[in-house]
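Trainee: Hey, can we go through this one together? I'd like to learn how to read it piece by piece.

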Amino acid sequence: MGKIIFTAPDTQEKIEFFCLEQTRINNQNYLLVTEDEDDDAEAYILKETFSEGEEAVYEMVEDEEELEAVGKIFAELMEDVDLEYQI
């Protein structure tokens, strides 16, 4: 899917992520992203909170139940990847 630029809301720091996968659950868009394409890199789940045209606003999923549920979906979509959940 390519790269996306994420702007941290508290610091306004721009972070470049590689998008590994995306999914839509209950009309909600989610992205599985990582800063590095290494096999052992940390991945994050982002949830779309707003979109207009080509611009979208995402936030990190921090709710433990939501993180686990969406993580299971991504694990099924990416069979060859082992996901561990942390908040």
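**Contacts, strands and cores**

Mentor: Among contacts in the protein chain (heavy atoms within 4.5 Å) between residues at least 6 apart in sequence, 26% join residues at least 24 apart. This is a predicted model, where local features need pLDDT of at least 70 and side-chain atom pairs count only at pLDDT 80 or more, while totals for chains, interfaces and linings use all residues. Residues are numbered from 1 along each chain as its sequence is written, and side-chain values use heavy atoms, with hydrogens and water left out.

Trainee: OK, what does the secondary structure of the protein chain come to?

Mentor: There is 1 helix and there are 5 strands, and along the sequence they follow the pattern β-β-β-β-β-α. Helices (H or I, at least four residues) and strands (E, at least two) are DSSP runs, numbered from the N terminus.

Trainee: In what order do the strands sit in the sheet?

Mentor: The open sheet goes E1-E2-E3-E4-E5, with antiparallel pairing. Two strands pair if DSSP finds at least two bridges between them. E3 and E4 (residues 43–52), for instance, are joined by 5 bridges. One link there has tyrosine 30 bridged to lysine 47 in E4.

Trainee: And which strands stand at the edges?

Mentor: Strand E1 (2–7) and strand E5 (55–60); each has a single partner strand, so one side of each has no neighbour in the sheet.

Trainee: Where does H1 lie?

Mentor: H1 lies across strand E2 (14–25), E3 and E4, at about 85 degrees to E2. For that angle, axes are lines fitted to C-alpha atoms, for helices over the stretch in contact, and angles run from 0 to 180 degrees between N-to-C directions.

Trainee: Which residues make up the largest nonpolar core?

Mentor: Tyr30, Leu32, Ile45, Val61, Leu67, Val70, Phe74 and Met78, 8 residues in all. Strand E3 (28–34) and helix H1 (64–77) are the elements giving two or more residues to this core, and H1 has the largest share, 3 residues. A nonpolar core is a set of buried Ala, Val, Leu, Ile, Met, Phe, Trp, Tyr and Cys residues joined through side-chain atoms within 4.5 Å. Buried means under 20% relative accessible area, exposed over 50%, partly exposed in between (1.4 Å probe, protein chains only).

Trainee: How many of the 87 residues count as buried, as a percentage?

Mentor: 26% of them.

Trainee: What about glutamate 66, where is its place?

Mentor: Glutamate 66 is in helix H1, and at 18% relative accessibility it counts as buried. Leaving aside neighbours within four places in sequence, glutamate 66 is in contact with Tyr30, Lys47 and Val61.

Trainee: Is threonine 23 buried or exposed?

Mentor: Threonine 23 is buried, with a relative accessible area of 17%. It lies in strand E2. Not counting residues up to four places away in sequence, threonine 23 touches Gln28, Asn29, Tyr30, Ile73, Phe74 and Leu77.

Trainee: New topic: which element gives the most to the lining of the second largest pocket?

Mentor: E5, with 6 residues. Of the 18 lining residues, the closest to the centre of that pocket are Ile5, Phe6, Ala56, Val57 and Tyr58. On a 1 Å grid over the protein atoms alone, a pocket is an open set of points where a 1.4 Å probe fits, with protein on both sides within 12 Å along at least five of seven lines; lining residues have an atom within 4 Å of a point.
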